[in-house]
Amino acid sequence: MEGGRSYVGLLVMVVVVAAMAMVMAMVEVESYSDNCSGSGLCGTQVSKSDCTAAINRYDDGTVYSQYTSRVSGHCTAIFRCDGSYVSKTGAQLKQLFLHIYTNQPCGRCGSHAFDNCEATLNYCGSCRDVN
């Protein structure tokens, strides 16, 4: 029976170490922050009017709860989250995108962090909308 207890003790230790590794992996998940960064082409290839048009392509009444993007010209407006997604209406997303211009304030490209998610305006050469 002594060998059986050693085996159980070892098994418990392996489970504890595995659980600790999972917790550490969750802690290391990328966290978002407000910024005015973006592609190096934001300064020359992206216009604020294109980004505003991309933002306005979100439908006010639609609820978005997964990765999504809207494109206009060379600007893409991206909604993404780490882990589980929060549900936001298009009207709510528009306000979160506009935060980049009104509160940060960025000239063309940037990101606004919220609820472990981000709203990002960035350069995209040949992107298409993603639902």
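**Two helices side by side**

I started with α3 and α4, which are roughly antiparallel to each other (the word applies to angles over 145 degrees). I looked up the numbers: α3 (residues 48–56) and α4 (residues 90–102) pack at about 165 degrees, with axes 9 Å apart. The axes are lines fitted to C-alpha atoms over the stretch in contact, and angles run from 0 to 180 degrees between N-to-C directions.

Which residues meet there? On the α3 side I found Lys48, Cys51, Thr52, Ile55 and Asn56, and on the α4 side Lys94, Phe97, Leu98 and Tyr101. Contact here means heavy atoms within 4.5 Å. I sorted the residues of this contact into 5 nonpolar, 2 polar and 2 charged (Ala, Val, Leu, Ile, Met, Phe, Trp, Tyr, Cys and Pro count as nonpolar, Asp, Glu, Lys and Arg as charged, the others, Gly among them, as polar).

**What I am looking at**

This is a predicted model, where local features need pLDDT of at least 70 and side-chain atom pairs count only at 80 or more, while totals for chains, interfaces and linings use all residues. Residues are numbered from 1 along each chain as its sequence is written, and side-chain values use heavy atoms, leaving out hydrogens and water.

I noted 4 helices and 6 strands, in the order α-α-α-β-β-β-β-α-β-β. Both are DSSP runs, helices (H or I) of at least four residues and strands (E) of at least two, numbered from the N terminus.

**Serine 111**

Is serine 111 buried or exposed? It counts as buried because its relative accessibility is 6% (buried is under 20%, exposed over 50%, partly exposed in between, with a 1.4 Å probe and protein chains only). I found serine 111 in strand β5 (residues 110–114). Its side chain makes polar contacts with the side chains of glutamate 118 at 3.5 Å and threonine 120 at 2.8 Å. A polar contact is a pair of N or O atoms within 3.5 Å; within protein, one must be able to donate a hydrogen and the other to accept it, and residues adjacent in sequence count only if both atoms are side-chain atoms.

**Asparagine 131**

Then I went to the segment after β6 (117–123), where asparagine 131 sits. Asparagine 131 is exposed, at 61% relative accessible area. Beyond four places in sequence, asparagine 131 touches Gln66, Tyr67, Thr68 and Arg70. With arginine 70 I noted a side-chain polar contact of 3.0 Å.

Terms used
Angles under 35 degrees count as roughly parallel, over 145 as roughly antiparallel, 65 to 115 as roughly perpendicular and the rest as oblique.
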